[in-house]
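Have a look at the model first, then read on.

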Amino acid sequence: MPSTDFDPVLSLRNWRVCYPLGKGLWKKARSFLPAVDGVDLDLYPGRIHALVGESGCGKSTLGSSLVGLTPWSGGDLFIQGKAFDLTSKNAPDLLRQTVQMIFQDSWSSLNPRQTVFELLAEPLAVHGFKGQNGALKELVVQALESVGLDSSALNRFPHAFSGGQRQRICIARVLNLKPRVLVCDEIVSALDISVGAQILELLRSLTSQHQMSILFITHDLATVENLASEISVAYMGKIVESGPVEKVMSKPCHPYTQALLNAMPRMGSQIRPIPLSGEIPTWEECDDLCRFRKRCPQVQNNCHQVALACTSLESKQNFYCHFPLS
Amino acid sequence: MPGPNFPLLEIKDLSLGFALTAQTRPGFFKFTQQKTTPTLSIIEGVSFSIHAGEWYGLVGESGCGKSITALGLMGLMPMPYGRYISGSINYQGQTVWNPELGGLRQHDPWQQLRGQEIAMIFQEPMSALNPLYTLKKQLEECFTYNRLSSGVLSAPEKKDRIEEVLVRVGLGSVLKRVLKSYPHELSGGMQQRVMIALALLLKPKLLIADEPTTALDVTIQAQIMELLKSLQEQEKLSLLFITHNLALMSHYADKVGVMYAGRLVEEFPVAFLAGRARHPYTCGLLKAMPGKGGSQPIPGRVPSPQTYTQGCRFLPRCTQGSETCHVHPSEKQLTPTHRIFCHAIH
């Protein structure tokens, strides 16, 4: 495993993604919903970075903004230390040469009318592959084999495969583009445990083989524990805690991380999962103060009055909380 | 009245399947005879029983027939292709279905049970609730379609019952808003609570929950599970809980049944999950779970019903398989509560 001293492949600083509200054909947006509100993130080569949080916390929006599927609203993006020009017209296209994405639902992300060969060749054509047909086929077969399928799959359609195999095709599709960063949005949550375990195993071997960096978006903390090396916990568009997985999972500082860990069912544990009371607040209630304060068991007066700042520990753990757990 | 040891629901050697072509109905053209069509079995020889106040968990990968078992128990096999092949279903000692009752077109033995005795909650509340009606209307609908209760309760009584149930599932503080709203206006957790309220409305004794928390976050999942647990403890509700999450199962269920390729392969009390489960498939599932020590996937995948064999169906993926496994293993009783179908385990 490479050391942490490696430069990050991709860095985000104060990244913002806002959705316009009440916008119509002739109507201007009334207001903006900050789904991702000032996020800092570093992705290192050959490592898996997990992004966890409840649904509606903005984790998928962050992922899709990295490939330009959701327009970004502000912030800085650095690729291997160089600032990326976000304002240029073809910025999303340029960004997609570095960052690629795999989605949760493999069924709807593969065109049912294309064969596997066409599905795998299309991204290459889009990204300007110029070569003989033979070379193209060779690349496609190579990609298929690296995900554990063989060339007999080439002329079949997506419906002929099981969920796990379709997810493998999705992975093969991005491999030929040699992305340095791969965004995986809940890719195993629709699969069974044993099929999901196969996919995660594949992902892990590809990461070390291609020195790819993976942003693994999930709501299932159990899969993260053994897969990722870093973790960020998101709540209401902000990262509340981040750091090395072992540190964050064993000694969380933020009460929200602790609550997520408490709610997770664990095999062999005598304690039943403890639910977190209350539901996610609405976006109108969001401000610079701690957004978790209404559900927080440790809430004190300060939380309702003083804006938060980032605290960093020696163990590379960062968190936003006035009263961290020891 | 059934005694305490009398199972609430008992199924014996139940086999369910699908006809490969639709049955022609004797109708206007009298000469169109009912044809016998080939049937593909999906569930074969499944037996288990659920006692009053018991939480029975059913696990297995997708495609193992867990959901079809649940639908079969509710008399909701997708028609016109669904077929009850053999075996029997008994509820409180009364026969609900056995082969002598035949097809279900003319006679629906579940009419008295569905909703009032056995209720079901589904995986996706968003697709189980009607997007065009307010939740108040959908909750009231329950009384209309169940013949026993519709005549008994007066309108204010119905309203009281709806409010009582919504308070019970933890929607008391937003009761007025929930009744007025449409399904899309609520969050996933709230929708699932409304689904549970719908199921509880007619005071059933058995609740069938088909992956009720798979679509939810861990925090909301824990809330829903605690709610179900309190219902089981306080109102002596029995549950048939279908999931593929073994960790979740280990915290709540009393008894666990493991299904593979349409057959029950092992059944044991939940405490056995840690270390005493013996079937190679159960052990494989446990090892495939994500955890600190990493996970080892089971190689291969679940066979499709077209390729079902007579012998042990786990054989192609099994590490302990031998020649004898080409014959269907018979039931072995390891302890009074531990049943297993495997040649390799003695």
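Contact here means heavy atoms within 4.5 Å. By that rule, 40 residues of chain B are in contact with 34 residues of chain A. This is a predicted model, in which local features need pLDDT of at least 70 and side-chain atom pairs count only at pLDDT 80 or more, while totals for chains, interfaces and linings use all residues. Residues are numbered from 1 along each chain as its sequence is written, chains are lettered from A in the order in which they are written, and side-chain values use heavy atoms, with hydrogens and water left out.

**The interface**
- Chain B and chain A bury about 3,100 Å² between them, with 56% of it on carbon and sulfur atoms; buried area is the accessible area (1.4 Å probe) that two parts lose on being put together, summed over both.
- The rule finds 1 salt bridge across this interface, a salt bridge being a side-chain nitrogen of Lys or Arg within 4 Å of a carboxyl oxygen of Asp or Glu.
- Arg272(A) and Glu226(B) form a salt bridge through their side chains, at 3.1 Å from N to O.

**The cysteines**
- Over all chains, the search finds 0 disulfides, a disulfide being a pair of cysteine sulfur atoms within 2.5 Å.
- Cys296(A) is in no disulfide, and its nearest cysteine sulfur, that of Cys321(A), is 6.1 Å away.
- Cys296(A) is buried, at 13% relative accessible area, whereas Cys310(A) is partly exposed at 40% (buried is under 20%, exposed over 50%, partly exposed in between; 1.4 Å probe, protein chains only).
- The closest cysteine sulfur to that of Cys310(A) is in Cys253(A), 11 Å off and therefore too far for a bond.
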